[in-house]
Amino acid sequence: MAFNPDFSSTLSLLFAAAVLAQWLLRAWLASRQVRHVARHRAEVPEAFAQRISLAAHQKAADYTLAKARIALIEMTLGAVVLLAWTLLGGLDALNQWLLELMGAGLWQQLALLAGFALISGLVELPLSLYQTFVLEQRFGFNQMTLRLWLTDAIKSTAMGTAIGLPLAALILWLMGSAGDLWWLWAWAVWTAFNLLLMWIFPTFIAPLFNKFEPLAEGTLKERVSALMQRCGFTAKGLFVMDGSRRSAHANAYFTGFGHSKRVVFFDTLLKQLDADEVEAVLAHELGHFKHRHILKRMLLMFAASLAGFALLGWLSQQLWFYLGLGVRPGLDLALGHGGIGAGNEAVALLLFLLAVPVFSFFVTPLFSALSRRDEFEADAYAMQQASGAHLASALLKLYEDNASTLTPDPWYVGFYYSHPPALARLARMPSPT
């Protein structure tokens with residue numbers, strides 16, 4: 001099929017329009033959220049007036065407004081950087097420089113991936129530091145020292161290099177050597193890697209960053225164990241994580257896969273909730289397993305990644321895909337030889353990872369709605385297995401302690417919220433004790 005230059009021009013215009021539309025939509029939603037939260041800052045909603053103080057309500061409002069302003073800066077910077085990498089030629093310049101320096105080959109492609117990750121990380125670093133050491137610090141959530149932050153950064157970089165580069169090398173090799181169906185083999189590798197990661201994460205990776213102690217013997221452990229038994233859930237252990245080393249935010253989660261599953265409580269959660277409330281929160285999490293929400297999300301993720309790899313397999317053979325996103329491809333493809341030119345595997349992968357989120361962003365409300373539906377189902381299950389009043393009480397404490405706004409904008413909720421807002425969620429529960 002002959003190359004039509006109009007295709008690349010069309011893609012450039014479509015991509016630029018999508019970036020602009022995404023920014024405008026995100027800015028509009030953020031402005032609605034800011035106005036709505038600020039408008040209701042002066043008074044606690046009637047439904048929460050007996051449990052939430054005005055000071056706590058106003059702290060949540062101020063925290064939400066501060067995060068929204070930072071998000072606006074972040075999304076603007078992200079759009080500029082995205083255009084710089086693509087239409088303004090940043091990725092092409094980095095690729096051409098590495099080709100001149102190293103020549104074509106797998107090592108050059110790995111260097112391109114590493115260079116892209118390094119530059120992107122450095123660009124994002126100032127905002128990340130501000131969010132941790134200024135914004136979170138101002139509202140009393142940050143517990144992390146600069147030394148701990150640096151230690152985490154070094155560990156994450158080392159682990160990303162040790163795990164990510166071999167995986168990237170294998171996928172790049174498959175792209176160049178496994179024929180027209182390379183994308184199917186790459187998807188199989190990616191799926192196997194994710195399953196392996198879920199299996200080894202709780203035992204080998206998470207302990208590198210946090211300390212995990214078995215939940216102490218006593219009433220809480222007995223109640224939690226009894227709840228899990230009557231729900232038919234087995235886990236390798238019950239653990240308490242030192243989340244307070246980094247943040248005052250509280251949480252609880254399941255981790256692992258198959259027989260390696262663990263139940264993990266943040267130490268901050270156990271300090272904030274009593275045994276009845278912890279049991280109710282755990283019952284909610286068990287509701288996700290009872291309704292197979294985790295399995296369904298995994299299958300959806302794998303199906304989406306299969307479609308993504310198939311799409312990448314086709315796009316990587318289209319000259320207009322490269323030119324339309326600001327990159328000069330390798331000579332073989334440019335001459336229409338039907339193969340991927342030297343060095344194009346990493347370029348195609350990066351372009352795909354840059355472009356797809358721009359277009360997939362517009363289906364965010366669909367996945368948010370599905371997630372909120374799952375949360376309602378998990379709440380309903382929790383109220384069958386534990387006290388609904390205690391679940392409501394726990395949620396109110398978590399909303400207050402995490403400074404979550406009680407008055408979000410409905411449009412913002414519909415687009416972004418993976419969990420129902422407090423008013424909608426608590427309306428289905430008995431009054432908190």
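Biologist: What are the mean pLDDT of the chain and the share of its residues that reach 70 or more?

Modeller: This is a predicted model, and the mean pLDDT of its chain is 90, with 94% of the residues reaching 70 or more. Among the elements, helix 16 (residues 410-416) has the highest mean, 97, whereas helix 12 (residues 331-334) has the lowest, 50. Over residues 333-338 the pLDDT is below 50, and this stretch has 9 contacts in the model beyond near neighbours in sequence. Where pLDDT is low, the predicted coordinates should not be read in detail.

Biologist: How do you know what span is expected of helix 3, and what span does the helix reach?

Modeller: Helix 3 covers residues 90-102, which makes 13 residues. The expected span is 1.5 Å times one less than the number of residues, and for helix 3 the expected value is 18 Å, to which the 18 Å from its first C-alpha to its last is close.

Biologist: Which residues of helix 3 are buried, and why are they said to line one face of the helix?

Modeller: Leu91, Asp92, Leu94, Asn95 and Leu98 are the buried residues of helix 3. Seen down the helix axis, these buried residues fall within an arc of 165 degrees, and therefore they line one face. An α-helix has 3.6 residues a turn, so residues three or four places apart point the same way. The face turned away from the buried side carries Glu100 and Leu101, which are exposed.

Biologist: What covers the buried residues of helix 3?

Modeller: The cover includes helix 2 (54-85), helix 4 (106-138) and helix 13 (344-360).

Biologist: What makes Met228 count as buried or exposed?

Modeller: Met228, which lies in helix 7 (residues 219-230), has a relative accessibility of 6%; the cut-off for buried is under 20%, and Met228 therefore counts as buried. Leaving out residues up to four places away in sequence, Met228 touches Phe233, Ala235, Leu238, Val263, Leu282 and Leu286. The C-alpha atom of Met228 is separated by 36 Å from that of Trp149, at 79 residues along the chain.

Biologist: Which residues are in contact with Arg138, leaving aside its neighbours within four places in sequence?

Modeller: Arg138, in helix 4, is in contact with Ala66 and Tyr130, where contact requires heavy atoms within 4.5 Å. Between the C-alpha atoms of Arg138 and Tyr63, which are 75 residues apart along the chain, the separation is 9.1 Å.

Technical notes
Residues numbered from 1 in each chain as written. Predicted model: local features only at pLDDT ≥ 70, side-chain atom pairs only at ≥ 80, totals over all residues. Heavy atoms only, no water. Helix = DSSP H or I, 4+ residues; strand = E, 2+ residues; numbered from the N terminus. Buried < 20%, exposed > 50% of the residue type's maximum accessible area, 1.4 Å probe, protein only. Arc of directions from axis to C-beta. pLDDT = per-residue confidence, 0-100.
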